[in-house]
Amino acid sequence: MIKCWLVATLIFVFIQLQAQLTDKKYVNAKIGQGVLWGGRGIALEYRIKHLGFSLNAGYQSEQYIYEHTIQPSFNYGIYSRYYYYRKSGNWQAYTGIYFGWLNNYYLPSIGESKYNPIVYGFCGMIGVEIREEILNVDIGLTLDPGIFILDKKHHPEYETQWNISPNMGLGINLYALHSAIKFRKKMKRKSYKYTETSIKNDTLIKQPQKSIHELLIEQKALSLIEQCNQQVFVTNEKVFFQNDTLYLLKQVGIKQYVYIKHYLADSKKEQFYATNLASKSDVYLINHKINIESLDEIVTLLDDCDQVFPALNGLLSIYIVDHTCFARLEQLTFKDKQGTILFDSISFCKLTF
């Protein structure tokens with residue numbers, strides 16, 4: 001029965017893993033030591049918002065306890081967690097329930113009686129995850145009261161004591177890693193297809209005689225693309241489109257982010273916008289660390305941030321073509337609690353939504 005349950009859970013997690021690669025959810029691959037990793041082993045966690053579900057497999061080596069040798073074992077388990085986190089910050093506490101391998105044990109009161117040293121059952125957990133964009137560190141404790149175990153009659157004396165075990169692991173956000181690799185490959189390709197000749201043939205400029213305004217638009221679009229072609233490094237940029245609104249987020253400092261909210265009536269149409277921000281509040285500076293687990297969180301990002309400052313002035317240029325966004329902010333000014341903050345130019349390059 002337990003094996004069937006684990007197989008069903010495994011199938012569910014891998015189906016969700018496949019979905020995450022298209023729906024842009026959150027998958028965390030971990031290595032570590034402790035009960036949550038089956039001794040020393042690996043774990044795969046699928047996370048939606050505050051909830052995490054994980055499978056683990058590991059190996060516990062031979063132990064020598066109270067002059068008694070305990071044979072090694074291969075172990076497995078599953079857990080469910082709830083993360084108490086806000087998007088602002090690089091750490092989050094969690095609590096959860098774990099089922100699986102708990103311990104390989106021996107107590108002097110057992111003597112030479114036959115017993116099963118490999119214990120499976122339920123326990124609680126608490127801990128904290130410290131994370132950046134791709135890497136994260138998991139530190140916590142499993143709290144095993146000794147009474148929620150399977151096959152109690154073959155585990156004498158186990159329930160006479162609590163078992164509190166430390167756990168430590170290192171994880172990789174597979175989606176963030178996939179996005180970074182994909183972005184780097186794009187930047188290594190040949191120059192973007194939109195050259196001056198191709199743009200002249202695009203629907204953006206079809207009229208035989210162009211006005212000065214149209215020529216300026218063409219020049220701005222070319223300038224945005226050429227500037228992006230010169231960038232060959234991975235930057236922390238995100239884009240999300242929902243309800244005719246385009247959301248852009250870029251990290252511009254260790255704990256600073258620029259956030260853009262732009263109305264886009266027809267995302268399929270090639271468009272160019274140049275907007276003065278003097279009378280608008282659609283560009284913001286977030287002045288503390290934030291974490292995004294899934295892209296749809298960008299929509300409500302400002303609701304969870306304390307230090308948010310609207311732009312006082314600046315120029316926003318956005319070029320949209322084939323569900324790809326190029327954007328640039330120029331002469332951008334913010335005023336926070338410390339004073340005025342200036343940015344000469346901030347670019348968003350080749351972001352597909």
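The chain contains 4 helices and 19 strands. The model is a predicted one. Of the 353 residues in the chain, 48% are buried. Among contacts between residues at least 6 apart in sequence, 59% join residues that are at least 24 apart.

The interior may be considered next. In soluble globular proteins, nonpolar side chains tend to be buried together. In this chain the largest nonpolar core has 24 residues, and the members that touch the most other members are Leu248, Val283, Leu329 and Leu332. Six strands each supply at least two residues of this core: β12 (245-253), β13 (256-263), β15 (283-286), β17 (313-321), β18 (324-336) and β19 (339-352). The surroundings of Leu332 can be followed in detail. Leaving aside neighbours within four places in sequence, Leu332 is in contact with Leu277, Val283 and Ala311, with Asn313 and Gly314, and with Ile341, Leu342, Phe343 and Ile346.

When residues up to four places away in sequence are not counted, Thr245 touches Phe240, Lys261, His262, Tyr263 and Leu264.

Glu129 belongs to strand β8, which covers residues 118-131. With a relative accessible area of 0%, Glu129 is buried. What does the side chain of Glu129 make a polar contact with? Its partner is the side chain of Arg47, at 3.0 Å. Beyond neighbours within four places in sequence, the contacts of Glu129 comprise Tyr26, Asn28, Lys30, Arg47, Tyr83, Asn90, Trp91, Gln92, Tyr94, Asn136 and Val137.

The chain has 3 cavities of 30 Å³ or more, and the volume of the largest cavity is about 70 Å³. The largest cavity is lined by Glu133, Asn236, Lys238, Leu249, Lys250, Gln251, Tyr257, Lys289, Ile290, Asn291 and Ile292. Strand β12 contributes the largest share of this lining, 3 residues. By residue class, the lining of the largest cavity divides into 4 nonpolar, 3 polar and 4 charged residues.

Two or more lining residues come from each of β1 (26-34), β2 (39-48), β3 (51-60), β4 (63-65), β7 (91-104) and β10 (163-173). Which of the elements gives the most to the lining of the second largest pocket? That element is β7, with 4 residues. The lining of this pocket divides into 10 nonpolar, 11 polar and 1 charged residues.

Key. Residues numbered from 1 in each chain as written. Predicted model: local features only at pLDDT ≥ 70, side-chain atom pairs only at ≥ 80, totals over all residues. Heavy atoms only, no water. Core = buried A, V, L, I, M, F, W, Y, C linked by side-chain atoms within 4.5 Å. Buried < 20%, exposed > 50% of the residue type's maximum accessible area, 1.4 Å probe, protein only. Contact = heavy atoms within 4.5 Å. Polar contact = N/O pair within 3.5 Å; in protein donor to acceptor, adjacent residues only side chain to side chain. 1 Å grid on protein atoms, 1.4 Å probe; cavity = no way out; pocket = protein on both sides within 12 Å on 5 of 7 lines; lining within 4 Å. Points joined across faces, edges and corners; volume = space filled by probe spheres on them. Nonpolar A, V, L, I, M, F, W, Y, C, P; charged D, E, K, R; others polar.
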